[in-house]
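Hello,

Here is the structure I said I would pass on. My notes follow below it.

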Amino acid sequence: MDLDFTPAEEAFRAEARAWLRAHVPPVPLPSLETGEGFAAHRTWEAELAADRWSVVNWPARYGGRDAGLIRWLVFEEEYYAAGAPGRVGQNGVSLLAPTLFDHGTQEQRARVLPSMATGEVVWAQAWSEPEAGSDLASLRSRAVRADGGWRLSGQKTWSSRAAFADRAFGLFRSDPAPARPHQGLTYLMFDLRAPGVTVRPIGRLDGKPAFAELFLDDVFVPDEDVIGEAGQGWRVAMSTAGDERGLTLRSPGRFLAAADRLHGLWRDRGCPAWARDRVADALSGARAYQLFAYAAASRFLDGESIGPESSLNKVFWSEYDIALHETALDLLGEEGESADSAWAEAYVFALAGPVYAGTNEIQRDIIAERLLGLPKGRR
Amino acid sequence: MRFLLDTEQRAFAASLDAMLTAADTPRAVRDWSRGEHARGRALWARIAEAGVFALAVPEAYEGLGPRPVELAVAFVELGRHAVPGPLVETVVAATLLLDPGPAKRFLPALASGESTATVAHEGSYAVDGDAATLRLALAADGLRLAPGHGPVRPSLDPARRLTRLLPGGELLAPDPPVDRALLWARLATAAQALGVGLALLERTVAYVGQRVQFGVPIGSFQAVKHRLADAKTALEFARPLVLGAAVTMAPADVAAAKVSACEASYATARTALQLHGAIGYTAEYDLSLWLTKARALRTAWGTPDECRAEILAARA
Ligand SMILES: Cc1cc2nc3c(=O)[nH]c(=O)nc-3n(C[C@H](O)[C@H](O)[C@H](O)COP(=O)(O)OP(=O)(O)OC[C@H]3O[C@@H](n4cnc5c(N)ncnc54)[C@H](O)[C@@H]3O)c2cc1C
């Protein structure tokens, strides 16, 4: 039981800090939920990748540093403390990449991962459908066998940043009449600019055209873009969802930096007594999340899987994120209403946390049934 | 960086758990609440034999410590089993008596469990002053061996018997390490509270799994599940704070552990009471032993307000 980093890990931290100090843009980039901001963030990803800082925990041959989870955590602490930009390639990096590491072919990894690491190809997640949200397995978009591949039809929605992204990954029904809804699904990658794909941007709560609906009309996808076995899509998509995702979707570094900024804001406003408990709780919450992640990473390195415990993570950070940003806006008072501040943008982003990545109601079901062993009930 | 309990630490927790499970602690608690200490003392002797109090006492005084991580591990188990008595206070005493003066003569007996101690500021409540063999008062001029205690007053937690220490007595140390003792007090209380919360959750999960209403176990209702999921989340994020604080012993970390573990434990108590329905509201049912303790620990050795002040002070 210790919290000491090895000299090599400390050296890694110092190297990351020095690099970030020299490279982080002095003026914040425009919001990555806009076309202009998306392009600027893509350029930033290329800059990170040029010195192999974009995916530090990946193998070197795909652009990483073989850094492992502990160093990844260290990197993220430095990254957010340095005020570096949000990560535009995140959905690909945190969802598709782990799936390819576990279920992809050598060829797929070699083809997909390097351009993901540089931001040259940004991936969108195409899971949700108008009639399939929490009940994802009820999805209806189809994959029909074709010569050398599949033809995709149907509608996907709420696909983050798909308005500007290049490619997407998602689940499709390849068996129209399966015995159970989770069967007969196939996990595929497709091009957002392929013939037959129509992308319609949807304004978010703040009007930014961040996510999009995708209409697919007989879109051809070659066999090499099927991930895992055809018909096994559910298993493929879910297998990685629990493990690293529980950690890597939202790193503790992000909240440590945010709590620090909140504390600074509170102090700048003269330490008002009414906000004192909320600020103190934000500081201990960030610390709790950091230590929880250290423990999870330590277990992961021992060969244990994180599994359903990632649901604890999800509920914790999403509720935490909102509480922190609500406090910030309350502290800002009148200024907090102004939508173009960094705090306001972060607040709007936080509001979605309990909805995406599996709603918190669904996560609480998982905690209750799989971690506490309570009986399954009617959904 | 390996932020995980090692095999030995886990085995230590498991052996304490097994010993306390076999010991019928609820019965010892009920006796203790009536001022009958025999069963509780026997339990304490076994806990001391397992080395728990020695963890706070340095090796030079026949202890095994100071080992805050192992102490935290042990206190989680003591909380889980609702062990009665001035547990935290005995640890605090061990820290306060580390003064180079005459105070240290008491240490070997504390390490072995031969004596138990309670500690309080002169004139405020000392837990279990009637049961402790050593009553220490933090007076204006230093640490004193109190000559006795006033009448016993009931606590919200019947197993914590409140007494006021009488003034005067031998001056043991003019300048005892109060700040350090407060850290140990808060750490032990946080760990104990975490254990109390874990026990409340465990018992409630078991209860809602077997209590049937509307033809199904109430644990299959989503409203019930979600309250328990929230309790689990709060406790599982308090746990690393408690262990992390034991590793660093930094005042802000210890304060964060104290406030988070106590709040999580108290919230779990509210949930446990609600989900048990009326039976949870009875003194006869064992759940009450943990319910009332969660409330008492919340303000013991640092209110939420004092702990939050400490967290913020570390950043000024
Ligand atoms: C900002 C943002 C970004 C997103 N990005 C993506 C993306 O990139 N790709 C993608 O595929 N999707 C994305 N989503 C969609 C997201 O995954 C879904 O919103 C989510 O799965 C919930 O589905 P739904 O919105 O249809 O809500 P519904 O499933 O209709 O749920 C509505 C409400 O009912 C509750 N509910 C539903 N079922 C139950 C139940 N069994 N028990 C209790 N309560 C229940 C839900 O918890 C929720 O509160 C994004 C969403 C947001 C807000």
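**Helix packing in chain B**

In this predicted model, helix α7 (residues 178-210) of chain B packs against helix α9 (residues 251-276) of chain B at an angle of about 25°, their axes 8 Å apart. Axes are lines fitted to C-alpha atoms over the stretch in contact, with angles from 0 to 180 degrees between N-to-C directions; helices are DSSP runs (H or I, at least four residues), numbered from the N terminus. The angle makes α7(B) roughly parallel to α9(B) (angles under 35 degrees count as such). The residues of this contact are 19 nonpolar, 6 polar and 3 charged (Ala, Val, Leu, Ile, Met, Phe, Trp, Tyr, Cys and Pro are nonpolar; Asp, Glu, Lys and Arg charged; the others, Gly among them, polar).

**Between the chains**

In chain B, 38 residues are in contact with 44 residues of chain A (heavy atoms within 4.5 Å). There are 8 salt bridges between chain B and chain A (a side-chain nitrogen of Lys or Arg within 4 Å of a carboxyl oxygen of Asp or Glu). A:Asp302 and B:Arg2 form a salt bridge through their side chains, at 2.4 Å from N to O.

**Salt bridges overall**

Over all chains, the whole structure has 51 salt bridges. A:Glu78 and A:Arg17 form a salt bridge, with the closest N and O atoms 2.7 Å apart.

**Conventions**

Residues are numbered from 1 along each chain as its sequence is written, and chains are lettered from A and ligands numbered from 1 in the order written. Local features need pLDDT of at least 70, side-chain atom pairs count only at pLDDT 80 or more, totals for chains, interfaces and linings use all residues, and side-chain values use heavy atoms, leaving out hydrogens and water.

Regards

Technical notes:
Helices (H or I, at least four residues) and strands (E, at least two) are DSSP runs, numbered from the N terminus. Angles under 35 degrees count as roughly parallel, over 145 as roughly antiparallel, 65 to 115 as roughly perpendicular and the rest as oblique.
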